[in-house]
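Please look over the sequence and the structure before reading on.

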Amino acid sequence: MATIEKRGETYRITVSAGYDSGGKQVRRKTTWKPPENLTPKRLEKELNKFVTDFEERVKRDGCKYDGNIKFEAFAAVWLDYVKQRGKMKPLSIQRLEACQARTFKAIGHKRLKDITRGNIQDFIDNLAEDGINQHTGGGLSEKTQRHYLNYISDVFTYARKCSIAVDNPCKDIDLNGAAKQERTCYDLEETQRFLDLLTEQAPLKYRAFFTLAIYGGFRRGELLGFEWKDIDFDNCIISVVRTSLRDRESGGMITGTPKTKSSTRSLKLPAEVFELLKSYKAEQVRERLRIGDKWIDNDRLFTTWDGQPMGENTPNIWLKKFCAANDLPKTTIHSFRHLNASLLIINGVDAKTVSATLGHSQVTTTLNIYAHSFQEAQARASETIANALPFKKDSAKQA
């Protein structure tokens, strides 16, 4: 039989979970906060339903935990639950684990019931302070702050499902970061020079890699994940069906699924791109024959000397050296993705098509990232209309 105690605007429910080895009764407690504006009859009905559900949960699994459990301990329980479900990618699990050290240092010692929104805000503010980022000496980016906040929020969401937390203190937390700026990339003249220099100086492997980056707007992991079976030479179509990323634990490369469902896509590219890929494939075949038994065949386009998947940082390292040797502005692989998007927008391609080409899960993502480019395109469209239908000045004389 549950005991119900009204405490201000909430109700504390206590349920017996049996007896421990010493014969002492074990009680499990939870708190329920009713929605606003319930009639007395409706309130009683909702409260009874909550109590019944809680009693059933205690009977089913003993409800091992309550609000007194410390955040670090319960975060481990939640992560075990996530792993057992098997619905999260291994790399996503690793990103969660990477959030643990800083989070546990800040709030790991606190009981779940005692953690407040202020505690979370203080932690997020601290992440933005100078010196936190060991690589740059500054604070962590707004994106990284969000990763930490989402991690804590997911733990509390699970705690609420287990009826050991009333609220999620991660609501309305402010992130710290500079005003968002649109991505910068090469202009057309710089891009043409880059492509010309690739043709004159670069090995076929890197010509193929960066040509695909520019003309396809692919992510780095997508480029590294391409296999020859993904290329339809007859129809000039290339398909994204996997990614290749570095495993944080082993340091080696692993194969994963694309970032989102929308990231699995097929694109038609210029025939010249596929002529280049044919030349590169022939070169790779010759190299495989030269190396013989040392070659590890996995069908990847971009590999190490012995056929293994190319390392995650290898293309960026090569790009950095190539730009320095040719007095080119510094750039990154991802900048070519933004170049691709900008060129599509400038040439009047609609937002939905641009989003599908880039593999964004939502059109709003595309609109947010490339807001300025879309504004410029819209302004040019307005000028076109104005030029086609010029206003005639009112020649009537003023009285």
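The model described here is predicted. Gly256 sits in strand 7, which covers residues 253-256. Computed along the sequence, Gly256 and Gly225 are 31 residues apart, while their C-alpha atoms are 8.6 Å apart in space.

Lys29 belongs to strand 3, residues 25-32. With 39% relative accessibility, Lys29 is also classed as partly exposed. Lys29 takes part in a surface patch of positive charge, together with Arg27, Lys70, Arg111 and Lys113.

Three strands form an open sheet in the order 4-5-8, and their pairing is antiparallel. Strand 4 (231-232) and strand 8 (265-268) are at the edges; each has a single partner strand, so one side of each has no neighbour in the sheet.

Strand 5, residues 237-240, pairs with strand 8 in the antiparallel sense over 4 bridges. Within this pairing, Val240 has Arg265 of strand 8 as its bridge partner.

Cys236 is not a glycine, yet its phi is positive, at about 60 degrees. Cys236 is placed in the loop between strand 4 and strand 5. Its relative accessibility is 14%, so Cys236 counts as buried, the cut-off for buried being under 20%.

Asp327 is another residue other than glycine with a positive phi, here near 55 degrees. The loop that holds Asp327 runs between helix 11 (314-325) and helix 12 (333-346). Is Asp327 buried or exposed? Asp327 is exposed, because its relative accessible area is 67% and exposed means over 50%.

## Salt bridges

How many salt bridges does the structure hold? There are 15 salt bridges in the structure. Side chains of opposite charge can pair when their charged atoms come close.

One of the salt bridges joins the side chains of Arg42 and Glu46, at 3.2 Å from N to O. Both residues lie in helix 1 (residues 40-61), and because they are 4 residues apart there, about one helical turn separates them. Arg42 is partly exposed at 41% relative accessibility, and Glu46 is partly exposed with a relative accessible area of 23%.

Glu227 is buried, with a relative accessible area of 10%, and Arg300 counts as buried at 4% relative accessibility. Glu227 and Arg300 are part of a network of salt bridges that also includes Lys229, Asp230, Arg242 and Asp299.

A further salt bridge is formed by Arg246 and Glu312, whose closest N and O atoms are 3.7 Å apart. Arg246 is in strand 6 (residues 243-246) and Glu312 in the loop between helix 10 and helix 11, and the pair links distant parts of the chain, 66 residues apart. Arg246 is partly exposed at 35% relative accessibility, whereas Glu312 is buried, with a relative accessible area of 15%.

How values were computed: Residues are numbered from 1 along each chain as its sequence is written. This is a predicted model: local features need pLDDT of at least 70, side-chain atom pairs count only at pLDDT 80 or more; totals for chains, interfaces and linings use all residues. Side-chain values use heavy atoms; hydrogens and water are left out. Two strands pair if DSSP finds at least two bridges between them. Helices (H or I, at least four residues) and strands (E, at least two) are DSSP runs, numbered from the N terminus. Patches are made of residues with over 30% relative accessible area and no salt bridge: like charges are joined within 9 Å, nonpolar side chains (Val, Leu, Ile, Met, Phe, Trp, Tyr) within 5 Å. Accessible areas come from the Shrake-Rupley method with a 1.4 Å probe; for residues, only the protein chains shown count as cover. A salt bridge is a side-chain nitrogen of Lys or Arg within 4 Å of a carboxyl oxygen of Asp or Glu. Lys and Arg count as positive and Asp and Glu as negative; His and the chain ends are not counted. The place of a charge is taken as NZ of Lys, CZ of Arg, CG of Asp or CD of Glu. Buried means under 20% relative accessible area, exposed over 50%, partly exposed in between (1.4 Å probe, protein chains only).
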